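Work through the exercises below with the sequence and the model in view. Each task is followed by a solution in steps.

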Amino acid sequence: MPRLYLHIGTHKTGSTAIQQLLWKHRQALATAGLLYPDVGVRRDAHHAIAWAAGTTRAAPDAAALRAMVEDLIRQAGTSAQSILLSSEEFEFVQRVQELALLKDHFEVKVIVYLRKQDEYLEAAYNQHVRSYDLRFTGSIYQFALGYNFFWRFDYWRILQNWGDVFGVENVIVRPYGTDLVDDDALADFLSLLPLPGDLCRDIAGETIRINRALHPRAIPYMARINKMSLSREQHQAAQGILRKVMPHERGFRFLRDDEASRFYEGFESDNEALFRTFMGLDHDAFRRAADGADASRWIDHDEIEPDVLVALVEAIFQEAGRKRLRQLLDAG
């Protein structure tokens, strides 16, 4: 029975970059014995398969799901290769049981990367502000209240469902951003697959910059820019300007240390159960010592420079505004 690797995300763990490189190198992967099929592919990932199973965003379509699985069976039968499916949309599948038909034809291994919940919240907030389609305008506190993140961040509940269907022993959990995972999530992911080392090194050596976060200091300005009626091009221009004048740095946060700790405490006991059950750990892999960040590295949504905001608005439309913006920031 061929093996099927099912990479289910989650979001904000580098999935999109991984998928782009998998799609780019699918011929080399196939030659090495790992099929990254075109079945159900949308934007380099197998989102349509997840949607057909029924997610929080799409109603289930049993006929479409069965047709895609039959296509996978045919391809596996002719190639005798392992198969890899990847979509962070699997994170939102409501009834994992809908995917149980995969077990009739494949030895299924589920791969999931999880990000510490308070860090996930901050990364998601950054994305919602910089996304033209979302254009969030408020603070991270308003963002957290406006979305059901406590449900989305309940990893224990999510993975119990996958373990019930495919077996706890077949769910591979990787705690993103910890010392248990390679600093390069792509390299770590490739190490889990039956691929030759030289191919893994070649693929991991490529760099794809997508979904690039804005510097946290730029987010309060971008959130206010989002209140304007800008075209997509103007919105992207604003971000390009901000990236030049406020290059990204690590260590800045939207939550104070005590706020992040209190937020995380709501998930800590379930995380301990998750890591004990799926990884055999006797501790919470996400619990790390405080990094000692001082208050100056916390971004206050309300503390912006009006002159900088005005210059930024001018810079979207004219070069003179860009020069004035640089002068203001250099003086600061």
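Two strands pair if DSSP finds at least two bridges between them. Helices (H or I, at least four residues) and strands (E, at least two) are DSSP runs, numbered from the N terminus. This is a predicted model, in which local features need pLDDT of at least 70 and side-chain atom pairs count only at pLDDT 80 or more, while totals for chains, interfaces and linings use all residues. Residues are numbered from 1 along each chain as its sequence is written, and side-chain values use heavy atoms, with hydrogens and water left out.

**Exercise 1. Work out the order of the strands in the open sheet.**

Step 1. Two bridges join the parallel strands E2 and E3; here Leu35 is opposite Ile83 of E3.

Step 2. E3 also pairs with E1, in the parallel sense and over four bridges. Leu6 has Leu85 as its bridge partner in E3.

Step 3. Five bridges link E1 with strand E4 (residues 107–115), again in the parallel sense. His7 has Ile111 as its bridge partner in E4.

Step 4. The five strands therefore read E2-E3-E1-E4-E5, and the edges are strand E2 (34–35) and strand E5 (171–176), each with a single partner strand, so one side of each lacks a neighbour in the sheet.

**Exercise 2. Is E3 enclosed or open, and which way do its residues point?**

Step 1. Buried means under 20% relative accessible area, exposed over 50%, and partly exposed in between (1.4 Å probe, protein chains only).

Step 2. Ser82, Leu84 and Ser86 point one way from E3, Ile83 and Leu85 the other way, and all are buried.

Step 3. Five of the five residues of E3 are buried, so the strand is largely enclosed by the rest of the structure.

**Exercise 3. Find which helices lie on the sheet, and at what angles.**

Step 1. Contact means heavy atoms within 4.5 Å. Axes are lines fitted to C-alpha atoms, for helices over the stretch in contact, and angles run from 0 to 180 degrees between N-to-C directions.

Step 2. Helix H8 (residues 155–166) packs on the sheet and touches E1, E4 and E5; its direction makes about 175° with that of E4.

Step 3. H13 lies across E4 and E5, at about 135° to E5.

**Exercise 4. Describe the surroundings of Tyr132.**

Step 1. Tyr132 sits in the loop between helix H5 (117–130) and helix H6 (140–146). Its relative accessible area is 16%, so Tyr132 is buried.

Step 2. Beyond neighbours within four places in sequence, Tyr132 is in contact with Leu230, Ser231, Arg232, His235 and Gln236.

Step 3. Tyr132 and Ser231 are 99 residues apart in sequence, yet their C-alpha atoms are 8.7 Å apart in space.
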